[in-house]
Amino acid sequence: MIEVMKTLLAAAQLPASEAESTAYTAGYETQRAAVDALYEVPAARYVDPALRFRAAARIEDWAE
Amino acid sequence: MTDLPQTLTDAAKALREGTVTSVALTQAAIDNADRLDATIGTYLARFDDYALERASTADAELARGEDRGPLHGIPFGVKDIIAMAEGPTTAQSLILDRSWGAGKDAPTVARVKAAGAVITGKATTMEFACGMPDATKPFPIPRNPWNPDTWPGGSSSGTGSGVAAGMFLAGLGTDTAGSIRIPAAFCGVSGLMPTFGRVPKSGCVPLGYSLDHIGPLARSARDCASVLEVLAGFHASDPDCVDAPFSVPEFDGDLSGVRVGVVRENHFPEGSDPALAGTFDAAVAVLAERGATVVEVTLPYWQEMITADMITMGCEALAYHRTDLNSRWDDYFVATRAMVATGAMVSGADYVQAQRVRRVAQDAIGRLFETVDVIATPTASVGAPTFDALAGPNGETDIGALFSMIHTPYWDSVGNPVLVVPMGFTVDGLPLSLQLAGPAFGEAAILRAGDAYQQSTDWHLRVPEPAVQAAA
């Protein structure tokens, strides 16, 4: 599993140390199971995500 | 100091009655900072001269009848991930470009300034509003004024400790997984996470774009209401901000007709403080004595929303930080880079699925709020942990174990408003906290419930011993 973790970190170009990769791996299986459980929510099968794209959106300066 | 008002609300009243001045309030706040800040690490930057000048101006304005509202002349802290013109924003990080936001006020800061608040300084945070303290970095370690060997909570650590220690009467925090409510709980003060989108979050260094909230920490629910009234309202610079201004409701202490849903499931895990159950039951009993009808409920999609918060925050934070992480990994705090790296461990589809389940949970919680007006839970199952207890088996912070005892991230995922108020103490004498959640844009209901509770109790007025000693 640590090779999976190293691959994921490398793909994102995150230079984690060996110790950090090992520590992340320790929690990864539990985390992955929790993420996979989101696909087992029946009510979400045909639901739009809480994301929206607005064609007319502009970038407004927050300090003006 | 002990003769000065303890709450923003009382201070505002005293200012108008002429029994205290803003300069006196501000000088007392500065004196407390002089005595305590080196120990508890509340501030990253202090603006003593600026604050005293603002206080003097406030006194003059109030004397000639120019009243800007309850924040006028009130010492006020700002978490240092929110831009303020008087100093650079650091996010308590070596990474953030000091030119970001330089010379500018975030909309929330501009609003509290316009309301006459006396901003005394920029308060400490966990780096970029996530992670944990890192003694290897050149920043103060925030400590809890109730016991400096314990963590004050985060990430709005300095805002929580500053209110508790009398360095300001209210301040701004941010909340993405609990960062207003955790320090409020551990420091024994009140804190309000407003409904997502009610308060503009632009001008604040982002952590999770779809999760971030700016809100107040203060002594009481009434104090939080006064700050929210100033903060709320549309701002075009935040694409999530909605036109939903807030007016302080009537605080009559009467909860007749209010339905309170009490949640126990998942909130009393093994390892909970022995005082938690009795303290929580007593708090619920106070709400009932005030007229509320109490029913037991469960929160839908509990674990899924905790997972959604983790995925969403990780992915959104990684998008913001990836370039800097690639080149300056070691300059980040250890716990920060661990949290942000979780965004690399999920796929784009996982992120979208999390947003689909968030929508399902929003709908479910909306239906639950058709049957109750307020939901009550403990904020955390334990009091502030010692720094030693936070260390994992390899000496690194064990955030997973900590968050099994903290019950805040669910509400960031669904976006509802949540107020936390002190409700008693652990067996070791550290604060415990009651969490009151409401329907979207239902801040008035939870603030009225919190105020009613505080009319019957004085937990929110308890002052940590170190602060008392400093004030003597």
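Author: Let's start with F441(B), which sits in the loop between strand 11 (431-437) and helix 15 (443-456) of chain B. Please keep in mind that this is a predicted model. What is the phi of F441(B)? The angle is near 65 degrees, a positive value in a residue other than glycine. For background, most residues other than glycine have a negative phi. Is F441(B) buried, partly exposed or exposed? Its relative accessibility is 38%, so F441(B) counts as partly exposed, since that class lies between under 20% for buried and over 50% for exposed.

Q13(A) is not a glycine, yet has a positive phi of about 60 degrees. You will find Q13(A) in a loop too, between helix 1 (2-11) and helix 2 (18-37) of chain A. With a relative accessibility of 48%, Q13(A) counts as partly exposed.

Another backbone feature brings us back to chain B. The peptide bond that runs from G154(B) to S155(B) is cis, and its omega is near 15 degrees. S155(B) belongs to the loop between strand 3 (118-123) and helix 5 (157-164) of chain B.

Chain B contains 16 helices and 11 strands. Its radius of gyration is 20 Å, close to the 23 Å that the globule rule gives for 472 residues, so chain B is as compact as a globular protein of that length. The C-alpha trace of chain B spans about 60 × 55 × 45 Å along its principal axes, and buried residues make up 64% of the 472 residues.

One helix of chain B gives us a further stop. A338(B) is placed in helix 10 (residues 334-341) of chain B, and at 25% relative accessibility A338(B) counts as partly exposed. Between A338(B) and G314(B) there are 24 residues of separation in sequence and 9.6 Å in space, C-alpha to C-alpha.

What about the empty spaces? Rolling a probe the size of a water molecule over the atoms shows where empty space is left. The structure holds 3 cavities of 30 Å³ or more, and the largest cavity has a volume of about 50 Å³. Among the residues that line the largest cavity are Q92(B), M126(B), F139(B) and F333(B). The second largest pocket holds about 1,400 Å³ of space. This pocket has 46 lining residues, and F196(B), K201(B), D238(B), P239(B) and D240(B) lie nearest its centre. Helix 9 (302-328), helix 11 (348-368) and helix 14 (409-414) of chain B each give two or more residues to that lining, with the largest share, 5 residues, coming from helix 11.

Chain A has 2 helices and 0 strands. The radius of gyration of chain A is 19 Å, well over the 11 Å that the globule rule gives for 64 residues, so chain A is more spread out than a compact globule. The C-alpha trace of chain A spans about 45 × 40 × 20 Å along its principal axes. Buried residues account for 28% of the 64 residues in chain A. Its side chains include 6 positive and 10 negative ones, and the centres of the two sets lie 9 Å apart.

Technical notes:
Residues are numbered from 1 along each chain as its sequence is written. Chains are lettered from A and ligands numbered from 1 in the order in which they are written. This is a predicted model: local features need pLDDT of at least 70, side-chain atom pairs count only at pLDDT 80 or more; totals for chains, interfaces and linings use all residues. Side-chain values use heavy atoms; hydrogens and water are left out. Helices (H or I, at least four residues) and strands (E, at least two) are DSSP runs, numbered from the N terminus. The radius of gyration is taken over C-alpha atoms; the globule rule is 2.2 Å times the number of residues to the power 0.38. Buried means under 20% relative accessible area, exposed over 50%, partly exposed in between (1.4 Å probe, protein chains only). Lys and Arg count as positive and Asp and Glu as negative; His and the chain ends are not counted. The place of a charge is taken as NZ of Lys, CZ of Arg, CG of Asp or CD of Glu. On a 1 Å grid over the protein atoms alone, a cavity is a set of points where a 1.4 Å probe fits but cannot get out, and a pocket is an open set with protein on both sides within 12 Å along at least five of seven lines; lining residues have an atom within 4 Å of a point. Grid points are joined across faces, edges and corners, and a volume is the space filled by probe spheres set on the points.
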